[in-house]
Amino acid sequence: MSEVLYKREAILSNIETLLEELRMRLAGNVDMTDDISDGEILEAIDGLVLEAGRREKLSLRKKEELRKDLFYSVRRLDAIQELLDDADISEIMVNGYENIFYEKKGNIYRFHKKFSSEKRLYAVIQQIAGGCNRVVNEQSPILDARLKNGDRVNVVLPPVALDGPILTIRRFPETPITMEQLIKWKSITKDAAKLLRKLTAAGYTIIVSGGTSTGKTTFLNALSGFIPKGERIVTIEDNAELQLKSVENLVRLEVKPANLEENREITIRDLLKTALRMRPSRIIIGEVRGSETADFLNCLNTGHAGSMGSVHANSPEDLVYRIEMMVRMGMELPIPVIRQMISAGINIIVHLCRDASGKRKVEKICEIKGFDGEKIDLNTLYEMNIKGALEKKNDLMHTEKLRKYEELTQK
């Protein structure tokens, strides 16, 4: 280890030791309850930091950092609060108490801070779980939840996690991203967005596909801005992330896992069944991932055209096979019957990707042409070229809904 790096590590170690000392003293001096305001906590912290600053000969900058870190450790989410306060950070990844990473503008970086101990990381995880009214422990070591601001949280604890507690937080913008912003960022062309606007308004059923963190939820939010006024929309999600600000008549449903008090799980399948009794114009499922796919396809084929959803898939072709597989998880049907249901129920596939720089883009827009008795045929409307630009390939073949919509809007 170089002398400079050694000195830096020594300084960080001293600060962490001092921070732990002040945290213990603060806990001994102040009753840390919700009845005490942030201002009162900060007043007590200021006294401790002032005393430590004189003793350790700390600079003004170090004292300010110590004050902030101490406050974050008792009233916020400790070492990761600074990352949560940065609106440009889209993902926070904690791999054990010493290793923190974050994604910013498509790139992943290592954070220079860490939790003071595994115990402190456990405390933050329990704080998050308690705030979500969820339980996570050795008996139930996996937690999927969301923070009050809508950020998605995943926790995995030992013995499942071999190297200590794992905490992952997916951030979402406070203001939903619009299609206009996606055009500005060159995630989609103006021409392709114009077509999707018409198709959404006309009631074409659209499935958004892509890999992990390609922006499927963001794109669904943007598409929802094209839904005509006056429609009643029901959203169904594992964790409520969709932000359909432009929809007035909106019902939001979220699954409920079984807990210790009441061993009754409410699944997406349960919510789909009850949603049909709510007189929805369209149903939007945040992510279709299991046996509920069969129920969703039934909805699409029984009067709920224009519905939407997202699916993890590597390509539009892969999406079709994944849907087949997921339908068979919930219903034993012959493959030709499933393919006929897919062909009749789904109209458009929008496939997203991330390019080499980490930028999220529309890679392909396809129309399901039909089922020829053996396979589902796709018609590629737009496709990303070798330069990373989306270009038009073919015209829409099934124009019936579009013509009817244009006739109605012209009257």
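**Close-up views of a predicted model**

**View 1. Lysine 186 counts as exposed, with a relative accessibility of 64%.** The structure shown is a predicted model. Lysine 186 sits in the loop between helix H6 (179-184) and helix H7 (190-202). Its phi is positive, near 65°, and the residue is not a glycine. Most residues other than glycine have a negative phi.

**View 2. Arginine 279 lies in the loop between helix H9 (268-275) and strand E10 (282-285).** Although arginine 279 is not a glycine, its phi is positive, at about 60°. Is this residue buried or exposed? Arginine 279 counts as exposed because its relative accessibility is 62%, and the cut-off for exposed is over 50%.

**View 3. Proline 158 and proline 159 are joined by a cis peptide bond.** The omega angle of this bond is about 10°. Most peptide bonds are trans. Proline 159 belongs to the loop between strand E5 (152-156) and strand E6 (166-170).

**View 4. Six strands form an open sheet with antiparallel pairing.** Their order across the sheet is E3-E2-E1-E6-E5-E4. Which strands are at the edges? They are strand E3 (107-110) and strand E4 (142-146), each of which pairs on one side only. On average, neighbouring strands of this sheet are turned by 15° against each other, direction ignored.

**View 5. Strand E1 (residues 89-95) pairs with strand E2 (residues 100-104).** The pairing is antiparallel and runs over five bridges. Valine 94 has isoleucine 100, in E2, as its bridge partner.

Key
Residues are numbered from 1 along each chain as its sequence is written. This is a predicted model: local features need pLDDT of at least 70, side-chain atom pairs count only at pLDDT 80 or more; totals for chains, interfaces and linings use all residues. Side-chain values use heavy atoms; hydrogens and water are left out. Two strands pair if DSSP finds at least two bridges between them. Helices (H or I, at least four residues) and strands (E, at least two) are DSSP runs, numbered from the N terminus. Axes are lines fitted to C-alpha atoms, for helices over the stretch in contact, and angles run from 0 to 180 degrees between N-to-C directions. Buried means under 20% relative accessible area, exposed over 50%, partly exposed in between (1.4 Å probe, protein chains only).
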